[in-house]
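Please read these notes with the model open beside you.

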Amino acid sequence: MSQNIKRDYIMIYSDGACSGNPGPGGWGSIVLTPNNQVQELGGGERSTTNNRMEMMAALEALRYVQHQPEVIHFYTDSTYLIRGITQWIWGWRRNGWKTAEGQEVSNRDIWEELAHFVQKRGTTGKIDWRYSRGHVGIPGNERCDRIAVAFSKNDYVNLYSGDFDHYTVNLMEVPKDTALPTMKSPTEKKAAFSYLSNIGGLVYRHRDWNSCQKRVHGQSGAKFKKALSQAEEQDILKSWGLSAQTEIKEA
């Protein structure tokens with residue numbers, strides 16, 4: 001593949017994968033430097049989440065190019081990562097790393113490291129975050145996904161390091177539309193099927209937010225989440241590390 005293309009920027013693709021969420025996870029990144037060198041990166045954790053793996057993929061790629069001053073074109077299919085690092089993080093910092101609902105921000109450790117590397121680049125080496133929808137055939141995204149999945153399964157994967165001319169993935173085939181999907185406005189929010197509260201593994205189902213809020217208010221370690229269906233209740237239980245068959249008591 002002839003790759004004699006002049007670039008004055010770094011190109012990065014990244015992706016994360018997780019089975020169970022939480023469960024075994026992996027991440028993968030590809031870095032292409034202006035001097036046509038490619039480096040694939042990857043890793044995994046035995047108990048993690050998809051969002052955390054997406055963030056690790058970005059963090060390790062930025063760590064790898066921290067001493068290179070060029071602008072970065074960064075492609076990821078994680079809206080959580082892009083909105084978090086470009087929008088939400090400022091409010092989290094002002095609020096003492098609390099969400100708008102007053103909960104601790106998940107993955108704060110990685111958010112803080114990401115912010116460090118982003119700010120360290122300054123204005124000359126700024127990062128252009130670009131959304132690349134997953135599983136639509138974009139070669140760089142597909143390769144990162146394969147790396148991430150392999151690490152999540154503890155499978156062997158050969159990470160390429162070398163000239164772009166000998167690399168078999170066409171990183172120049174980029175998405176035509178890199179705009180983030182539109183977030184639903186508050187008026188478009190679906191009505192809740194229930195609100196679940198979890199204190200010490202004891203889960204209650206509430207039919208309104210006020211009842212749920214009353215139970216969790218002031219309780220250290222309390223968790224709560226809105227469910228749109230009975231099936232989603234089971235997904236929430238799993239996200240809390242509980243069995244889908246965990247008894248849910250009626251509040």
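1. A term comes before the description: two strands count as paired if DSSP finds at least two bridges between them. The model discussed here is predicted. In the hairpin of strand 2 and strand 3, four residues lie between the strands. Within this hairpin, N36 takes a positive phi near 65°.

2. In general, the strands of a sheet pair through backbone hydrogen bonds, and the pairing is either parallel or antiparallel. Strand 1 (residues 9–18) and strand 2 (residues 23–32) run antiparallel and are joined by eight bridges. To find this pair in the model, look for D15, which stands opposite G28 in strand 2.

3. Strand 2 is also joined to strand 3, by nine bridges, and the two run antiparallel. Here G23 stands opposite T48 in strand 3. Strand 3 in turn pairs with strand 6 in the antiparallel sense, over three bridges.

4. Side chains of opposite charge can pair when their charged atoms come close. The structure holds 12 salt bridges. One of them is formed by R143 with E40, whose closest N and O atoms are 2.8 Å apart. This pair links distant parts of the chain, since R143 is in helix 4 and E40 is in strand 3, 103 residues apart.

5. A further open sheet has four strands in the order 9-7-8-10, again with mixed pairing. Strand 9 and strand 10 (248–250) stand at its edges with a single partner strand each, so one side of each has no neighbour in the sheet. Neighbouring strands are turned by 30° against each other on average, direction ignored.

6. Are strand 8 and strand 10 parallel or antiparallel? Strand 8 (residues 202–206) and strand 10 run parallel, joined by three bridges. V203 has I248 in strand 10 as its bridge partner. Helix 5 packs on this sheet, touching strand 7 (194–199), strand 8 and strand 9, and its direction makes about 5° with that of strand 7. Helix 6 lies across strand 7, strand 8, strand 9 and strand 10, running at about 155° to strand 9.

7. The last point is the largest pocket, with a volume of about 2,300 Å³. How many residues line the largest pocket? The lining has 44 residues, and T99, E101, Q103, F224 and K225 lie nearest the centre. Helix 2, helix 5 (209–216), strand 9 (223–227) and helix 6 (230–239) each supply at least two residues of this lining. By class, the lining has 15 nonpolar, 15 polar and 14 charged residues.

Technical notes:
Residues numbered from 1 in each chain as written. Predicted model: local features only at pLDDT ≥ 70, side-chain atom pairs only at ≥ 80, totals over all residues. Heavy atoms only, no water. 1 Å grid on protein atoms, 1.4 Å probe; cavity = no way out; pocket = protein on both sides within 12 Å on 5 of 7 lines; lining within 4 Å. Points joined across faces, edges and corners; volume = space filled by probe spheres on them. Nonpolar A, V, L, I, M, F, W, Y, C, P; charged D, E, K, R; others polar. Salt bridge = Lys/Arg side-chain N within 4 Å of Asp/Glu carboxyl O. Axes fitted to C-alpha atoms, helices over the stretch in contact; angles between N-to-C directions. Contact = heavy atoms within 4.5 Å.
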